[in-house]
Amino acid sequence: MFAAIAGRYDRLNSVLSLGLHHYWRRRTVTASGLRHGAAVLDLCSGTADLALAFARRTGRDGRVVATDFCDAMLVRGRHKAARHRAPIAFALADAQRLPFRDASFDAVSVAFGLRNVDCLATALGEMYRVLRPGGVAVVLEFGQPQGAVFGPLFRFYSRYLLPRIGGWLSGHSEAYAYLPRTAAVFPAGARFKQAMREQSFTDVQARSLTGGVVYIYRADMPEFEDIIYTKADGVATVSMNRPWVLNAFRPRTIDEMLEAFHDAWYDDGIGVVVLTGEKSNFCTGGDQKIRGQGGYNDESGTPRLQVRNLHRTIREIPKPVIAKVDGYSIGGGHVLHVICDLTIASDRAIFGQTGPKVGSFDAGFGAMYLARIVGEKKAREIWYLCDQYSAEEARDMGLVNKVVPREQLDEETALWCRKILAKSPTAIRFMKAGFNADTDHGYGLQALAHGATSLFYTSDEATEGRTAFLEKRQPDFAKYRRTPW
Ligand SMILES: CC(C)(COP(=O)(O)OP(=O)(O)OC[C@H]1O[C@@H](n2cnc3c(N)ncnc32)[C@H](O)[C@@H]1OP(=O)(O)O)[C@@H](O)C(=O)NCCC(=O)NCCSC(=O)CCC(=O)c1ccccc1C(=O)O
């Protein structure tokens, strides 16, 4: 159908929109806020009008890639780009399976295309995937104008006049009956904003133009790569987002969590922080796959894990931190929930330490504060045996405040947040400081303990633990049992 109308597509766009489509596209480019030199991916480009508008904005140093699943449209776009000497690359591509690497564009745009895809969520997910952190998505799409006069007028135009004029000028009446049909059922406005939020876009905005005939949506790809950080109704949520390793963390993850916690600390609108993990797991501690000879390597290859600062920040932020735990809370991921003020767990949560199995330990708050919570004998059992404990067992030992069925975890956590937010923030702040005071002496111990862990990481014994995990075998520590110092 799209191939059949490609030849007359541009002229019909101008006739049917009374020339407004150029203005709408210019406004879309402006809404993106992009500058010279940016890399833009335009989806469902058709004859490349929006890609051309972007190319004018991003200039010679920029990169614009125009894609469509209809080759006949792209052929027209290619000729047009050549006529305008616009540096645009063209690619045949399905918006639901983009042939581009993760995080490779500053902006992804689409005009009048998303209502044609089979699965909107999949296409939005792909847009999110190829955007780099801090990038922007802009969508231009039809709305459904309301209002006592303009609404019925517009519906009359799109139901009766547009298909006739379109059919008459293009010779393909079905194509121009299809357009108003899909526009009328597209989830415009608030529903589309929600669809974008569900794909983790943040700061989603919608602006209606020409009385609601079209909407421009603009949304951000969060600056963070390893976490999802959101703020709503007085609650900041920090969610670890590396599901392929069950949310195990690397140096960048810890750096980003620190940044998010500091933002929540200084935001007067925030009264509670929720720490959680994406895709049904909390966290499984340090990422053993990037653990080198001296510890957890950052992207430049330097061992540098700011776990000590993160533990301090969770303790010191003058607002309660609630761990919302589903799935595994294991190793360094277990220590994180231990340090949080409160823990709410789903009935499928699993808790435990693994350090002595994988060549690691936390002899700081991970030992001392754990023992304060569950008692000396139990804390020693947890670290020496490295067993796993169910949510009910964790609750029975005082490690978890409440266990709820998985489907109630969000609502229960939100309820606890609301209860806290209704209380005096100063009273809560001083109560937290008072509770902390009892174990604040642990800071020196923590510095020594984490220093010892870093030194331990350089040893053959610790390397055996890590290597055994990666090779999926039991570690052999027998030869490291030496005469005590
Ligand atoms: C959590 C498991 C028990 C889950 O087991 P299972 O259900 O069988 O799933 P798997 O197939 O094992 O996992 C799926 C997939 O994820 C990968 N993965 C899981 N966890 C990690 C991880 N931590 N690092 C890297 N990769 C991980 C796993 O390999 C699979 O991938 P494939 O490619 O498919 O193989 C089990 O997964 C498990 O035991 N995981 C390891 C838990 C662990 O030992 N964590 C590290 C503990 S040490 C630590 O966290 C220190 C860091 C730290 O915080 C610290 C540093 C310095 C001083 C103090 C501290 C401190 O702890 O406070």
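Select Leu140 first: leaving out residues up to four places away in sequence, Leu140 touches Trp24, Arg25, Thr28, Val110, Ala111, Phe112, Val214, Tyr215 and Ile216. Touching, or contact, here means heavy atoms within 4.5 Å. Leu140 is part of strand β5, residues 131-142; strands (E, at least two residues) and helices (H or I, at least four) are DSSP runs, numbered from the N terminus. Now pick the C-alpha atoms of Leu140 and Val110: they are 6.3 Å apart, although 30 residues separate the two along the chain. Is Leu140 buried or exposed? Leu140 is buried, with a relative accessible area of 0%. Buried means under 20% relative accessible area, exposed over 50%, and partly exposed in between, using a 1.4 Å probe and protein chains only.

A word on what you are viewing: this is a predicted model, where local features need pLDDT of at least 70 and side-chain atom pairs count only at pLDDT 80 or more, while totals for chains, interfaces and linings use all residues. Residues are numbered from 1 along each chain as its sequence is written, and side-chain values use heavy atoms, leaving out hydrogens and water.

Next, select Asp226, in the loop between β7 (214-220) and β8 (227-232). Asp226 is buried, at 2% relative accessible area. Which side chain does the side chain of Asp226 make a polar contact with? The partner is the side chain of Thr253, at 2.8 Å. A polar contact is a pair of N or O atoms within 3.5 Å; within protein, one must be able to donate a hydrogen and the other to accept it, and residues adjacent in sequence count only if both atoms are side-chain atoms.

Now go to the ligand, which is surrounded by 31 residues; among the closest are Thr284 and Lys472. Residues count as near a molecule if one of their heavy atoms lies within 4 Å of it. Zoom in on Lys472: an N or O atom in its side chain is 2.5 Å from an oxygen atom of the ligand. At Thr284, a polar backbone atom is 2.8 Å from a nitrogen atom of the ligand. Finally, colour α19, which gives the largest share of the shell around the ligand, 3 residues.
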